[in-house]
Amino acid sequence: MSIANFIKRSLKFLGLFLAFAILSLVLIGSTFEFLPHTKYYGQDYEKAFNKKDLGLLAIGNSKLLASLDNTTLQKELGLEPVNLGSIFSNLSVTRLTFESYLNNCEVMPKMVLMEVSWFTFNPVRTQFNEIGGDLFLNDYKLWPEALNYYPEIIDPLRKSFMRQVYSKVMPIGDIDYSSEFKDMSRFEKTYDFKLSEFEEVFPDHIAGVDPELLAEFERIVNLCKENNIQLVLYTAPEVSEYRSLQTDIEDIKTIFRNIPDVPYLDYSEGGEFFKKDYELWMKDSHHLNENVRYSEILAKDIKAKLDL
Amino acid sequence: MLFNSIDFAIFLPIVFLLYWFVTQKNLKLQNLLLLIASYFFYGWWDWKFLSLIVFSSFVDYYVGRGLAKQENTKKRKLLLLTSVLVNLGFLGFFKYYNFFAENFAEAFTLLGQPIQASSLNIILPVGISFYTFQTLSYSIDVYKRKIEPTKDILAFFAFVSFFPQLVAGPIERATNLLPQFYKKREFVYNKAVDGLRQILWGLFKKIVIADNCAEMANKIFDGSADLNGSSLLLGAFFFAFQIYGDFSGYSDIAIGTSRLFGFDLMKNFAFPYFSRDIAEFWRRWHISLSTWFRDYLYIPLGGSRGGTWMKVRNTFIIFIVSGFWHGANWTFIVWGALNAIYFLPLLLLKRNRQNIGDIAEGRLLPNIREFFGMTTTFLLTLLAWVFFRAENLGHGLSYLSGIFSMSLFEFPDFGLGMNAILAILLTISFVFIEWLGRHNEYAIEKLGLNWKRPIRYAMYYTLILIILFLGGSQQEFIYFQF
């Protein structure tokens, strides 16, 4: 048989497969739901993309995820909040989360609360994580951007797809981000800071500013401006040992401090809102465990800052 | 460029179409296309290191030309020495400089004369151990008059840098591969289809078996200090299949890709974990490297001829050098030495060639003796792999002492989650398919050939779906670091 036949048959083989793949994606996309997960609050994502008139969107990575309590925020700020943080997520995922919400909402949120810190622009400590796959399966309007995130999008997309398939066969248990820490004391120090683990990620103690992540950050700021949404940045508490190793922290904080009309509340050492007591509220070097009391403080500080 | 990347999935069809539709009428043009494609393939990783391949190719081409004109033995030796020094010089500098500098300094410190090791921040060029050995074999074969030195510089450069096997083998001999660049390649439908099937199986081995096992092996080896014996044994098991899936998967993709272009590469793996003794294992594992060392090191040293001492010496040399080839770390040397210790009794008792044919020939299952031999050999290789994977000798030793403790009989405590169970189930299924296909070139070579097309397609689609959805997180091929 000739090479033409070979190509014809190969194309036929691939065409059939592609048709099957696209059909599966459409099928999964049409029945998609955000599922419970230990890396984020699945119920908050589900709420965000179904209830389309939320007042407060909290976006960021695990530091945000760990630091906020929705009930307290709602009580103090009078806005209905969702916590859309996820472990390891980078600014691309954060921006996509925000943009996807804006694509689908009916009423613009009044406020976006975003946690930013020393490693916000670091492409190793933060990554295109699994929730990124969920966002693409949930919102077809994001697909034109998919190639911008190749190849890191492949793994999250695959995992999200698989979880959707699994969940149709086997229900996923009652889990969320907080379930792993529910037995830890919330008001005393129970962790050890491990320098070796820190240096695995930051060998030179420099987090740096990745230009692509910085561009994503600027897009978030602009989206807020364009849609008349109040953006509030904050840095959640961190322990002194961790903070003292951040060689280039001032360069990074300068970025957050210099955005017009965007308040920046800094609760880490050296920051305007720092308190030593926060070290007892942590579950590790940079994640809060006591999120209720902290959310109360944060909400009051926001109100004061914005004259609400 | 990685075989398991979208980049390669785009690159391969483009080169394939240009090769068969644009350049097929002119052999030189076809070789030129392969050369450009190969340099592009390599340069995708880091174009700066292309200069090493080009330089190495130049040296060996002109050494070959020089050898063709030279009859004087001393001058011939000098020419060969030039090739050896250039190739091994590159390899030594990029791969072993820091190892020797650090160990030299340590040795002086032990002797009471502490000196400062001046280690350099050297990047190891991908595939350097492979292409230097390939081009070196050409010079040696020309020197030994086993092949005629080539006058076709284009064919020679394309031979040295042939992209399917450039970065991780099989390490081809000039006697096998170079002549294929001289003659017109014909498109053979069945060969191309077979090539695609072998690529598919290679991707399955790499993405499904190796990458899933890698996640478990990394977890267990990284946290080995806190784990019980049964977990550690499982860790070694996962690593054994990670390295096999990874490396033999790469070889399958390389061989399959070559077949798409009308080339035949040598077989690199022949179901090594079904070996009945260590000698058979080494005839089936990384065949292109084992035979390279056999032909260019072991036999020139005297091989298995001579007295017992000579046999012991040569065996240790070849295994230790083979270990050292894999990396500049004492762990690889111990891995090589362990294999020499396993191999020696067979050699000295002249039982190293007792298992030549396939296991369970003409039967579905092995007999008790074969089964016992196969299990023992697998366990021995498993223990040796511990050193291959360990960070350093101390890690390897503590890992082994952890295995040989009472906790070996406890339930694994490394967090045997869904991923571990999935990796185990996939590996068991993989071993089953490999067993059924053990008499073939690769496991699925003949699987389903007589089935109706829809059923055969369904099998291939199932494999693709498993690759897409049950594959582990993308990892680089292990052998890239060698």
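## Chain B

Chain B has 17 helices and zero strands; helices (H or I, at least four residues) and strands (E, at least two) are DSSP runs, numbered from the N terminus. The model is predicted: local features need pLDDT of at least 70, side-chain atom pairs count only at pLDDT 80 or more, and totals for chains, interfaces and linings use all residues. Residues are numbered from 1 along each chain as its sequence is written, chains are lettered from A and ligands numbered from 1 in the order in which they are written, and side-chain values use heavy atoms, with hydrogens and water left out.

The C-alpha trace spans about 75 × 65 × 45 Å along the principal axes of chain B. Of its 482 residues, 58% are buried, meaning under 20% relative accessible area (1.4 Å probe, protein chains only).

## Chain A

Chain A contains 12 helices and five strands. Its radius of gyration, 21 Å, is close to the 19 Å that the globule rule gives for 308 residues, so chain A is as compact as a globular protein of that length. Along the principal axes, the C-alpha atoms of chain A fill a box of roughly 75 × 45 × 40 Å. Buried residues account for 53% of the 308 in chain A.

Notes. Rg over C-alpha atoms; globule rule 2.2 N^0.38 Å. Buried < 20%, exposed > 50% of the residue type's maximum accessible area, 1.4 Å probe, protein only.
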